[in-house]
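This report looks at a ligand site and at one pair of packed helices. Please view the sequence and the model together while reading.

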Amino acid sequence: MTTFEGLGIDERLIRATTELGYVNPTAIQEQAIPVLLSGTTDFIGLAQTGTGKTAAFGLPLLHIIDAAAKYPQALVVCPTRELCMQIVKEVELFKKYMTGISVVAVYGGASIGLQIRDLKRGVQIIVATPGRLIDLIERKAINLEQIKYVVLDEADEMLNMGFQDDIEFILKNTPQRDSTWLFSATMPPEIRKVSKRYMKDPKEVTVGKVNMANKSIDHQYYLTTAQHRYETLKRIIDFNPGIYGIIFTRTKIDAQEISERLTREGYDIDALHGDLTQGQRDKVMGQFRDKSLQLLIATDVAARGIDVQGITHVINYELPDDVEIYTHRSGRTGRAGLQGICISIVHAKESYKLKQIERINNSQFHKLDIPSGKDVCRKQFFAFMEKLLSADISHGDYETYVPMLAEKFADVSKEDVLKRVAAMEFDRFLKYYENAEDLNLRDKGRREPSERGRDRDRGDRNDRGRSREQSSGSRDGRSERSSGGYSRLFVNLGTKDGFYKASFLQYILDMSDLKKESLGRIDMKDMNSWIEIDKSAAQQMVRALDGKNYKGRRIRMNDADSGGKR
Ligand code: AMP
């Protein structure tokens with residue numbers, strides 16, 4: 001097996017990479033480093049993020065830079081500021097044992113004055129986003145005259161983002177360029193054109209689609225309806241208590257809205273997308289990186305190239321259209337030998353994409369059932385018990401308080417203490433999931449028995465009905481409904497109004513000041529819903545809601561079985 005020594009790089013770099021835990025070079029490093037060390041050969045590396053490409057160009061750059069010459073010798077151009085900062089961070093780590101080499105990041109959105117000051121200090125390596133670089137060139141704050149090595153990282157993405165002219169400008173204005181190193185995940189014709197025009201006989205290397213064949217990622221999917229996506233996402237998060245993950249959306253609006261909604265509901269999440277100011281983006285990334293933020297919701301462009309260690313889950317809120325994008329997204333997890341899970345929320349019409357991804361990626365999807373409310377509660381419960389049992393009590397002066405605690409709890413059994421602790425922790429989950437519906441998209445026969453009536457109630461859903469039956473004997477449950485215990489109310493509110501079952505339940509209970517025990521089954525459709533309710537409480541509910549306004553619309557509520565719309 002090849003070693004870093006065998007590739008011929010400086011011993012100080014080897015020391016640094018060894019400290020970083022690199023034992024052997026990755027495929028792209030093995031193939032790129034010997035070529036790039038010559039400094040004169042143009043190179044095209046078809047490799048994605050996660051393959052170790054930053055070290056593939058970073059190490060040879062540091063090796064061949066002249067530390068004694070205090071002017072810019074290498075220029076790395078990449079699409080986003082996040083990637084820019086990440087590259088600089090890695091290069092800084094690589095050059096830990098080298099002196100006299102300085103590297104600076106220049107990108108849009110941050111103070112150009114400070115960057116100009118940094119540049120004046122005599123840097124050898126500049127890592128830049130195209131827009132800011134051009135700006136600095138125009139201000140004569142950067143001189144590309146003596147640049148010997150140009151690295152284009154994520155070239156396809158830069159072209160996607162409309163930087164083609166800027167890239168060409170940069171290549172045209174580096175007259176002393178000895179070599180150009182281009183890294184790209186794909187090879188669209190535009191890149192081919194750039195390489196033909198500006199590169200000389202490049203050595204081209206494709207590393208096996210590393211992420212695609214990445215066996216350390218378990219590709220899972222959940223099948224649901226489009227309207228249940230959000231609820232399914234919540235269920236996935238709740239079912240994975242230790243999750244540290246990225247959720248991908250297609251649009252900035254989705255990322256922002258879902259983030260706000262989940263934050264309101266108590267989740268530790270923030271959004272990363274192009275509409276944020278640079279300061280906000282840095283803050284979010286910083287928090288996510290140091291794990292003070294558990295979840296990040298991002299668009300593809302904003303998350304491009306981000307390398308964060310230890311991500312347990314990637315969640316596709318929707319499947320992307322492009323297989324490459326799926327690969328990129330899933331490649332955020334399962335890195336550095338760790339296991340990762342990539343979950344996709346899929347609705348029936350998207351199923352065909354799964355096959356496409358499986359075929360191109362040479363991977364296999366596993367279909368899982370969306371966990372029921374009970375599954376989630378159980379999972380949370382066990383996670384909590386683990387946390388309780390592994391709490392560190394070796395520090396702190398607990399001994400002083402134990403006698404007091406013992407006295408206080410003298411009449412409370414151990415079981416009761418445990419129940420109380422659990423109640424404090426789980427009330428939110430138990431309440432929320434008490435009424436949880438089955439979010440799985442079942443085959444038609446099972447899913448659409450809407451008017452088959454009451455038999456369904458006894459079957460797959462409504463645990464609450466069952467538990468009430470158990471706890472209160474013959475008082476209610478399905479059997480008594482037919483004997484006249486329940487009314488059925490119609491209301492012109494539905495999922496199109498932004499409600500999910502749980503939020504709808506909360507809304508009608510808040511409005512009517514009734515207890516949930518007075519409710520039976522709730523059927524929600526896009527525009528309308530039907531509520532089973534104790535006969536004695538029905539009028540109170542109607543009085544509380546009928547004629548009121550919801551988001552500017554007049555609510556109509558009436559008895560469904562006496563002339564109400566069905
Ligand atoms: P990149 O493709 O440059 O984003 O790198 C992906 C991750 O792999 C980064 O966290 C690197 O620190 C890590 N990495 C790069 N090269 C190696 C190597 N030879 N051995 C182990 N990890 C590596």
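How many nonpolar, polar and charged residues does the shell around the ligand have? The shell has three nonpolar, nine polar and four charged residues. The model is a predicted one.

**The ligand site**

The ligand is surrounded by 16 residues. Tyr 22, Gln 29, Gly 52, Thr 54 and Asp 307 are the closest of these.

| Residue | Atom of the residue | Ligand atom | Distance |
|---|---|---|---|
| Asn 24 | polar backbone atom | nitrogen | 2.9 Å |
| Thr 51 | backbone N or O atom | oxygen | 3.0 Å |
| Gln 309 | side-chain N or O atom | oxygen | 2.8 Å |

The ligand taken alone exposes 500 Å², and 84% of that is buried by the protein.

**Two packed helices**

Two packed helices are described by the angle between their axes and the distance between the axes. Helix α11 covers residues 229-239 and helix α17 covers residues 373-389. These helices pack at an angle of about 30°, and their axes are 8 Å apart. Angles under 35 degrees count as roughly parallel, and α11 and α17 are therefore roughly parallel to each other.

On the α11 side, the contact is made by Arg 235, Asp 238 and Phe 239. Helix α17 contributes Gly 373, Asp 375, Val 376, Lys 379 and Gln 380. By class, the residues of this contact divide into two nonpolar, two polar and four charged.

Terms used
Residues are numbered from 1 along each chain as its sequence is written. This is a predicted model: local features need pLDDT of at least 70, side-chain atom pairs count only at pLDDT 80 or more; totals for chains, interfaces and linings use all residues. Side-chain values use heavy atoms; hydrogens and water are left out. Axes are lines fitted to C-alpha atoms, for helices over the stretch in contact, and angles run from 0 to 180 degrees between N-to-C directions. Helices (H or I, at least four residues) and strands (E, at least two) are DSSP runs, numbered from the N terminus. Angles under 35 degrees count as roughly parallel, over 145 as roughly antiparallel, 65 to 115 as roughly perpendicular and the rest as oblique. Contact means heavy atoms within 4.5 Å. Ala, Val, Leu, Ile, Met, Phe, Trp, Tyr, Cys and Pro count as nonpolar, Asp, Glu, Lys and Arg as charged, and the others, Gly among them, as polar. A residue is near a molecule or strand if one of its heavy atoms lies within 4 Å of it. A polar contact is a pair of N or O atoms within 3.5 Å; within protein, one must be able to donate a hydrogen and the other to accept it, and residues adjacent in sequence count only if both atoms are side-chain atoms. Accessible areas come from the Shrake-Rupley method with a 1.4 Å probe; for residues, only the protein chains shown count as cover.
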